[in-house]
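Hi,

Here's the structure I said I'd pass on to you.

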Amino acid sequence: MKSATRAGTRSGAATDRCRAILHAAIHSASCKRSILIDGTAAASEASTDPSLAAALRTIGRPPETVDLVVLTHEHADHLGGTALLPRGPTVAAHQLTANKLALGDEFAMVSGVIGEKVAPFAVDICLPEGSVIDVDPYRFEVLHTPGHTSSCICLADPAQDVLIVGDMFMAGGAMGGIFGSGSISDYVLSMERLRRLGLRLVLPGHGRVSREGEADAAVALDRAKVLLRDTRELFQAIIGEVAFDRIMSSVRGLNR
Ligand SMILES: [Zn+2]
């Protein structure tokens with residue numbers, strides 16, 4: 001692949017809704033193929049306008065050009081539309097995402113909350129920490145950044161000053177939240193890592209693109225630290241109300 005463009009940089013005609021749906025699409029001009037980062041929700045495909053397919057056409061990357069879908073994590077609003085793409089694109093994700101999709105883990109996928117029924121889903125390529133997605137002139141390194149969920153990955157290209165973050169944080173520093181398989185402490189550590197990258201252009205999974213990525217990451221990190229502290233205080237407050245000693249004594253009893 002000799003050249004590539006990120007959809008967001010050439011989407012002058014695209015609506016904000018398009019940009020929200022298209023988390024990112026990377027296009028190889030030389031071979032007319034595209035990589036889509038996250039596949040949206042199938043329900044939104046059917047019920048919103050423009051759909052994923054329409055949004056892809058709007059930016060000149062029709063769905064039949066999508067060869068590879070990279071999933072940033074397992075949430076249903078990021079993957080259901082993948083199955084609706086023609087040509088059955090190759091799907092890549094972290095192993096921990098693959099596990100949940102293979103077993104149809106509805107709790108982890110938050111399918112019920114989103115109102116999205118997702119059938120068990122095969123991931124073709126697992127992307128561990130340090131994997132590289134090379135679409136010249138972009139060269140994205142895969143960062144495993146647990147927190148929002150256990151399996152979150154971000155794609156970083158320091159040379160192009162671009163960071164694709166899924167739901168780790170949004171423009172303005174909004175947190176993506178901590179879900180079932182996630183962890184506040186993992187989130188704090190992952191956000192410290194993302195902030196240190198100092199990358200300016202951030203493409204989140206929801207909302208607008210940010211051109212102040214480092215500052216937004218710092219805001220999200222500060223909010224996460226407050227949440228971590230508040231959670232600790234909440235736990236300390238309820239610990240007096242809950243008979244933890246009875247629970248722990250039953251665990252200790254297992255060693256007898
Ligand atoms: Zn999510």
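To start with, what percentage of the 256 residues of the protein chain count as buried? The figure is 46%. Keep in mind that this is a predicted model.

On to the overall make-up. The protein chain has nine helices and eleven strands. If you take the contacts with a separation of 6 or more, 65% of them come from residues 24 or more positions apart.

Now for the strands. A quick reminder: strands of a sheet pair through backbone hydrogen bonds, and they can do so in a parallel or an antiparallel way.

You can see the parallel kind around strand 5 (residues 90-93), which is joined by three bridges to strand 4 (residues 66-70). Look for V70, which sits opposite A92 of strand 5. Strand 5 also runs parallel to strand 6 (residues 125-126), with two bridges between them. There, A93 faces C126 in strand 6.

Further along is an open sheet made of five strands, in the order 7-8-9-10-11, with mixed pairing. Strand 7 (132-135) and strand 11 (201-204) are at the edges with a single partner strand each, so one side of each has no neighbour in the sheet. On average, neighbouring strands of this sheet are turned by 20° against each other, ignoring direction.

Cheers

Definitions and conventions
Residues numbered from 1 in each chain as written. Predicted model: local features only at pLDDT ≥ 70, side-chain atom pairs only at ≥ 80, totals over all residues. Pairing = 2+ DSSP bridges. Helix = DSSP H or I, 4+ residues; strand = E, 2+ residues; numbered from the N terminus. Buried ≥ 20, exposed ≤ 12 C-beta atoms within 10 Å, placed from the backbone. Contact = placed C-beta atoms within 7 Å. Axes fitted to C-alpha atoms, helices over the stretch in contact; angles between N-to-C directions.
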